[in-house]
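Subject: Structure handover

Hello,

Here is the structure you are taking over. My notes on it follow below.

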Amino acid sequence: MNHEQESTGLQPTATKKVLSYIGLAAKAGKLASGEFTTEKAVKEGKAMLVIVAEDASNNTKKMFTNMCTYYKVPIYFFGEKTNLGHAIGKEFRASLVLLDKGLADAVEKQLNTINLDDGMDTDTKSNLGGSKYGENESI
């Protein structure tokens, strides 16, 4: 198994696509990153999709899960802080928000393909990321 497959998990193609879309959104100016700006975008109604790193603190995950559920914004737990940061040209980011509906739909479609039922139990699927609106019960 090469390094690319090791670092991206079970679905390397879909994972690479998600990170590519995130990078594209950053270059287009349709992405905000960091806890404060992500929270601000959600509360102002500009957020189309929130992504929180799987290795973010439990407090961060809980805060964004509660906020996104209240404001009815899709939230996914995906990747690691360093992977998300590198996708947008930064060092690391625990949270980011997509501000464009088309890009958000494309990313959400790829995140859902990562989470397809491949015979995995729900505990395994929730650890891959892609859980929506706090479906991940371990928080």
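In the protein chain, 78% of the contacts with a separation of 6 or more are between residues 24 or more positions apart, where contact means heavy atoms within 4.5 Å. This is a predicted model, in which local features need pLDDT of at least 70 and side-chain atom pairs count only at pLDDT 80 or more, while totals for chains, interfaces and linings use all residues. Residues are numbered from 1 along each chain as its sequence is written, and side-chain values use heavy atoms, with hydrogens and water left out.

The protein chain has seven helices and four strands. Helices here are DSSP runs of H or I with at least four residues, strands are runs of E with at least two, and both are numbered from the N terminus. In that direction the order is α-α-β-α-β-α-β-α-β-α-α. Of the 139 residues, 42% count as buried; buried means under 20% relative accessible area, exposed over 50%, and partly exposed in between, with a 1.4 Å probe and protein chains only.

Leu31 is buried, because its relative accessible area is 14%. Leaving aside neighbours within four places in sequence, Leu31 touches Ile22, Ala25, Ala26, Ile88, Leu96, Val97, Leu98 and Leu99. From Leu31 to Asp100 the distance is 7.8 Å, C-alpha to C-alpha, although 69 residues separate them in sequence.

Helix α2 (residues 12-28) packs with helix α6 (residues 101-114) at an angle of about 165°, and their axes are 9 Å apart. Axes are lines fitted to C-alpha atoms, for helices over the stretch in contact, and angles run from 0 to 180 degrees between N-to-C directions. The angle makes α2 roughly antiparallel to α6; under 35 degrees counts as roughly parallel, over 145 as roughly antiparallel, 65 to 115 as roughly perpendicular and the rest as oblique. On the α2 side the contact includes Val18, Tyr21 and Leu24, and on the α6 side it includes Val107, Gln110 and Leu111. By class this contact has 10 nonpolar, three polar and one charged residues. Ala, Val, Leu, Ile, Met, Phe, Trp, Tyr, Cys and Pro count as nonpolar, Asp, Glu, Lys and Arg as charged, and the others, Gly among them, as polar.

The second pair is helix α3 (residues 35-43) with helix α4 (residues 58-71), packed at an angle of about 15° with axes 10 Å apart. That makes α3 roughly parallel to α4. The contact is made by Glu35, Thr38, Glu39, Val42 and Lys43 of α3 and by Thr60, Met63, Phe64, Met67, Cys68 and Tyr71 of α4. Its classes are six nonpolar, two polar and three charged residues.

A search of the whole structure gives one aromatic pair. In it, Tyr70 and Tyr71 are edge-to-face, at 5.0 Å centre to centre and 85° between the planes. Rings of Phe, Tyr and Trp (its six-membered ring) pair if their centres lie within 6.5 Å, and planes under 30 degrees apart count as stacked, over 60 as edge-to-face and the rest as tilted. Tyr70 counts as exposed because its relative accessibility is 63%, while Tyr71, at 35%, counts as partly exposed.

Lastly, Lys72 lies in the loop between α4 and β3 (75-77). Its phi is near 55°, a positive value in a residue other than glycine. Most residues other than glycine have a negative phi. Lys72 counts as exposed, at 66% relative accessibility.

Regards
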